[in-house]
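Hello,

Here is the structure I promised to pass on to you. Please open it alongside this message, and then read on for what turned up in it.

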Amino acid sequence: MTPLGILASSPPLLPTPPMGFNNWSRFMCDLNETLFTQTADAMSSNGLLAAGYNWINLDDCWMTQARAPDGSLQWNSTLFPHGIPWLGEYVKARGFRFGIYEDAGNLTCGGYPGSLGHEALDAQTFADWGVEYLKLDGCNVFPAGTDGRTTLQEEYKHLYGLWHDVLSGMDPPLVFSESAPAYFAHNPTLSDWYTVMSWVPVYGDLARHSTDILVYVGNGSAWDSVMENYEFNTRLARYQRPGYYNDPDFLIADHRGLTLDEKRSQFALWASFGAPLIISAYVPELKGEELAYLTNRGMIEIDQDGMAQQATLASRDGVVDVLTRSLEGGDRVVTVLNRGDGVVCAKVPVSWLGLERDCEYDGIRVWDGAEVRVQGAVEVELAVHATEVYRLRLPEDCREVIPTGIVFNTASGKCLTGNQHGKVKFEACRGSEAQIWQVHASGQLRPLAQLERCLSSNGSALLLEPCRHGDRQKWSYGISGNLKNVQTGDCLTQGTGMAKCGAEMDGQVFGLPSGVEVKNGE
């Protein structure tokens with residue numbers, strides 16, 4: 001994917017997604033100095049630090065209820081008797097980096113002083129304490145009604161933009177983790193969420209984009225929570241690039257509501273996405289089986305790949321999701337998830353992955369490192385809610401990858417579908433080759449079921465026609481998620497087929513395969 005026109009930092013502060021620990025999902029406000037020193041000591045000895053988990057980040061409730069007379073923040077000296085600067089030095093002496101939490105509004109989510117009106121002071125305070133990473137929440141942000149800012153989205157943009165200016169002007173700058181999109185993820189329409197997502201990669205280094213992952217003491221299904229955040233992340237691949245990462249929230253490695261297969265699935269999916277790997281668990285008591293998957297070298301190599309290409313959906317049918325992406329050096333990742341409640345056997349043709357049907361591919365099954373040879377299709381048996389990941393090596397004479405996968409409306413989840421009669425419409429995704437599209441460098445979209453036909457617009461409707469390379473068969477993909485016809489300038493639209501392009505409209509925002517060029521300003 002091409003980067004956004006303005007980078008949050010160049011060179012990026014985070015060349016690869018951050019890995020580490022945060023207390024929130026496991027402990028919420030039940031935090032103290034000992035929790036963090038014990039966690040750092042445990043991560044130093046149990047292999048997590050050696051595997052790359054090198055951030056120790058405090059979340060909410062670390063401070064006092066009031067600022068000091070000079071306006072600065074104060075740590076709770078009962079919870080942190082040696083002080084926050086001392087804790088930072090403690091974890092850094094063991095090889096870690098140090099992060100902290102604040103809120104862009106007047107109060108944090110836990111009711112402690114927010115940073116509204118104190119941005120520069122708080123940033124300098126954090127830097128003086130040795131903090132290198134700021135997670136900025138947005139629990140108590142309200143429209144100011146000043147300077148023309150009358151909507152909540154405009155106020156978030158103003159405040160996070162202000163923090164970007166402050167943090168990027170520091171020497172060295174702090175890593176900036178933004179939570180703004182999460183506050184728009186469940187609006188009746190997703191227009192404001194899309195709009196917020198369009199600017200967070202400009203301002204920060206990662207963004208938590210959806211609902212908090214289920215906390216340890218929370219009510220509800222932990223697996224449903226993981227799947228909800230997974231689903232949000234599938235909508236956002238066009239934004240990710242080296243230096244900016246979509247954040248589907250914490251790895252809840254010891255959550256009592258998850259089976260081991262479900263925990264492993266969360267980790268495998270997050271790694272396939274190239275997402276931040278931030279553990280929220282009681283690390284000193286993690287089981288050997290949990291540490292084993294968290295330190296799986298093959299998965300971490302995929303997560304930390306320098307291309308930072310997010311895996312996208314090659315196929316889905318309501319039970320099995322297939323995702324794929326490329327890595328530096330040309331290897332291809334295949335991730336197969338069983339979302340169903342029974343054991344499934346899945347067969348994934350290599351053509352669904354953008355690869356050539358007649359080639360033979362060697363590779364590994366990532367969980368156990370076993371060598372595999374794939375000719376025609378990847379075949380896998382999956383337990384309930386399990387995920388398998390393969391890393392395929394492309395031989396010299398079969399190195400071409402055509403971006404291939406579903407084209408889906410990110411609001412409705414429906415798949416663009418072409419039938420044998422040349423009709424094109426949106427239907428529930430069912431894993432059919434009529435719903436899997438090759439996206440060629442020319443701008444043509446061809447369904448795997450009919451590769452001699454191309455998606456075309458006659459000005460008012462969609463249809464499949466024999467490919468003739470005309471502009472009516474060429475499409476451009478914008479950072480907005482719009483799929484624009486080159487000849488007409490109109491946009492693919494669920495419901496009407498084609499319509500004048502609008503601003504972040506639900507019916508006009510689409511997820512496309514990884515590797516498709518994303519045009520800025522469209």
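**A buried histidine**

Let's start with His209, which sits in the loop between β6 (206–208) and α8 (222–234). Bear in mind throughout that this is a predicted model. Is His209 buried or exposed? Its relative accessibility is 0%, so His209 counts as buried. Leaving out residues up to four places away in sequence, His209 touches a list of residues that includes Pro181, Ala182, Ala185, Trp193 and Met197. Further along the chain, the residues that His209 touches include Asn229, Phe232, Asn233, Leu236, Asn246, Asp247 and Pro248.

**The nonpolar cores**

Next, have a look at the largest nonpolar core, which has 129 residues. Which of them touch the most other members? They are Tyr53, Trp62, Phe267 and Leu294. The helix that gives the most to this core is α7 (residues 191–203), with eight residues.

**Helix α9**

Phe267 also leads us to helix α9, where it is one of the buried residues. The helix runs over residues 260–273, and at 1.5 Å a residue its 14 residues should span 20 Å. The end C-alpha atoms of α9 are 20 Å apart, which agrees. Eleven of the 14 residues are buried, so α9 is largely enclosed by the rest of the structure. Besides Phe267, the buried residues of α9 include Glu262, Lys263, Ser265, Gln266 and Trp270. After α9 comes Gly274, which has a positive phi, near 70 degrees.

**The disulfides**

How many disulfides are there? The count comes to six. With bonded cysteines counted along the chain, they follow the pattern 1-2, 3-4, 5-6, 7-8, 9-10, 11-12. Here are three of them.

- Cys29 and Cys61 are joined with their sulfur atoms 1.8 Å apart. Cys29 lies in the loop between α1 (24–27) and α2 (33–45) and Cys61 in the loop between β2 (55–57) and α4 (84–93), so the bond ties together parts that are 32 residues apart in sequence. Cys29 is partly exposed, at 36% relative accessible area, whereas Cys61 counts as buried at 2%.
- Cys415 and Cys429 have their sulfur atoms 2.0 Å apart. The torsion about their S-S bond is about 100 degrees, so this disulfide is right-handed. Cys415 belongs to strand β19 (residues 415–418) and Cys429 to the loop between β20 (424–427) and β21 (436–439), so parts 14 residues apart in sequence are tied together. Both count as buried, Cys415 at 0% relative accessibility and Cys429 at 13%.
- Cys491 is joined to Cys501, with an S to S distance of 1.9 Å. A torsion of about 95 degrees about the S-S bond means that this disulfide is right-handed. Cys491 is in strand β27 (residues 491–493) and Cys501 in the loop between β28 (497–499) and β29 (510–511), ten residues apart. Cys491 is buried at 0% relative accessibility, while Cys501 is partly exposed at 25%.

One more cysteine to look up is Cys345, which counts as exposed, with 66% relative accessibility.

Enjoy exploring!

Best wishes

Terms used
Residues are numbered from 1 along each chain as its sequence is written. This is a predicted model: local features need pLDDT of at least 70, side-chain atom pairs count only at pLDDT 80 or more; totals for chains, interfaces and linings use all residues. Side-chain values use heavy atoms; hydrogens and water are left out. Helices (H or I, at least four residues) and strands (E, at least two) are DSSP runs, numbered from the N terminus. The expected span of a helix is 1.5 Å times one less than its number of residues. Buried means under 20% relative accessible area, exposed over 50%, partly exposed in between (1.4 Å probe, protein chains only). A nonpolar core is a set of buried Ala, Val, Leu, Ile, Met, Phe, Trp, Tyr and Cys residues joined through side-chain atoms within 4.5 Å. Contact means heavy atoms within 4.5 Å. A disulfide is a pair of cysteine sulfur atoms within 2.5 Å.
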